[in-house]
Amino acid sequence: METIVEGIRNKKGHRIVSIDLKRIKEAPVEYMIIAEGSSNTQVNAIVDEIDDYVRTTTHVHPLAIDGKDNAEWIAMDYGTIFVHIMLRPVRDFYSIETLWADGKVTEYEEV
């Protein structure tokens, strides 16, 4: 999980949050990581960096990546971790953090 966060930070992603969902039996994954980019180009760059950095560091590949065509909301599936990289208006509209508020939310400082 920390490797994913580092990948996001490498491309200056904003408002990085992880949600620990292990205690919620209905949750589809153990963790969700949510962050945002300020443009479609940055959202794509963050996702590419996560993919490259995680693959290089841990040799783990995402099972799926969806949303790269419009790059407003790109989801990455790492099996037990879902990663959501979004534009701010999309993130604010869907407010995923509030959907999973029963999980333990960790906010990461900007670097």
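Q: Which residues form one aromatic cluster in this structure?
A: Keep in mind that this is a predicted model. The cluster is made of aromatic residues, and its members are Trp73, Phe93 and Tyr94.

Q: How many aromatic pairs does a search of the whole structure find, and what is the angle between the planes of tryptophan 73 and tyrosine 94?
A: The search over the whole structure turns up two aromatic pairs. One of them joins tryptophan 73 to tyrosine 94, with ring centres 5.0 Å apart.

Q: Which strand and which helix hold the two residues of the pair that links distant parts of the chain?
A: Tryptophan 73 and tyrosine 94 are 21 residues apart, so to speak distant parts of the chain. Tryptophan 73 sits in strand E4 (residues 73–77), while tyrosine 94 belongs to helix H3.

Q: What is the angle between the planes of phenylalanine 93 and tyrosine 94?
A: Phenylalanine 93 and tyrosine 94 have ring centres 4.9 Å apart. Planes over 60 degrees apart count as edge-to-face, and this pair is edge-to-face because its angle is 85 degrees.

Q: Is phenylalanine 93 buried or exposed?
A: The cut-off for exposed is over 50% relative accessible area. Phenylalanine 93 has 66%, so the residue is exposed.

Q: Which parts of the structure cover the buried residues of H1?
A: Helix H1 spans residues 2–10, and its buried residues are Thr3, Ile4, Val5, Gly7, Ile8 and Arg9. What covers them includes strand E1 (14–20), strand E2 (31–37), helix H2 (40–58) and strand E5 (81–87).

Q: At roughly what angle do the axes of H1 and H2 cross?
A: Two packed helices are described by the angle between their axes and the distance between the axes. Here the axes of H1 and H2 come within 8 Å of each other, and they cross at roughly 135 degrees.

Q: Which residues in H2 do the listed residues of H1 meet?
A: On the H1 side, the residues are Thr3, Ile4, Glu6, Gly7, Ile8 and Asn10. H1 passes H2 in a right-handed crossing. The H2 partners are Ile46, Glu49, Ile50, Tyr53, Val54, Thr57 and Thr58.

Q: How many residues apart in helix H1 are arginine 9 and glutamate 6?
A: The side chains of arginine 9 and glutamate 6 meet in a salt bridge, 3.7 Å from N to O. Residues three or four places apart in an α-helix point the same way, because a turn takes 3.6 residues. Arginine 9 and glutamate 6 are separated by about one helical turn, since their spacing in the helix is three residues.

Q: How far apart are the closest N and O atoms of glutamate 36 and arginine 91?
A: By the rule used here, the count of salt bridges comes to nine. Glutamate 36 and arginine 91 form one, and their closest N and O atoms are separated by 3.3 Å.

Q: How many residues apart in sequence are the parts that glutamate 36 and arginine 91 tie together?
A: Glutamate 36 lies in strand E2, and arginine 91 lies in helix H3 (residues 88–94).

Q: Are glutamate 36 and arginine 91 buried or exposed?
A: Buried means under 20% relative accessible area. Glutamate 36 is at 2%, and arginine 91 is also at 2%. So both residues count as buried.

Q: Which residues are linked in a network of salt bridges?
A: Both glutamate 36 and arginine 91 belong to it. The complete network links Arg15, Glu36, Arg88, Arg91, Asp92 and Glu97.

Q: What is the phi of arginine 15?
A: Arginine 15 is in strand E1, and the residue is partly exposed at 31% relative accessible area. Although not a glycine, arginine 15 has a positive phi of about 45 degrees.

Q: Where is serine 95?
A: Serine 95 has a positive phi near 45 degrees without being a glycine. Its relative accessible area is 23%, which makes serine 95 partly exposed. Its place is in the loop between H3 and helix H4 (96–99).

Definitions and conventions:
Residues are numbered from 1 along each chain as its sequence is written. This is a predicted model: local features need pLDDT of at least 70, side-chain atom pairs count only at pLDDT 80 or more; totals for chains, interfaces and linings use all residues. Side-chain values use heavy atoms; hydrogens and water are left out. Buried means under 20% relative accessible area, exposed over 50%, partly exposed in between (1.4 Å probe, protein chains only). Helices (H or I, at least four residues) and strands (E, at least two) are DSSP runs, numbered from the N terminus. Contact means heavy atoms within 4.5 Å. A salt bridge is a side-chain nitrogen of Lys or Arg within 4 Å of a carboxyl oxygen of Asp or Glu. Rings of Phe, Tyr and Trp (its six-membered ring) pair if their centres lie within 6.5 Å; planes under 30 degrees apart count as stacked, over 60 as edge-to-face and the rest as tilted. Axes are lines fitted to C-alpha atoms, for helices over the stretch in contact, and angles run from 0 to 180 degrees between N-to-C directions. A crossing is left-handed if the near helix is turned anticlockwise from the far one by less than a right angle, and right-handed if clockwise.
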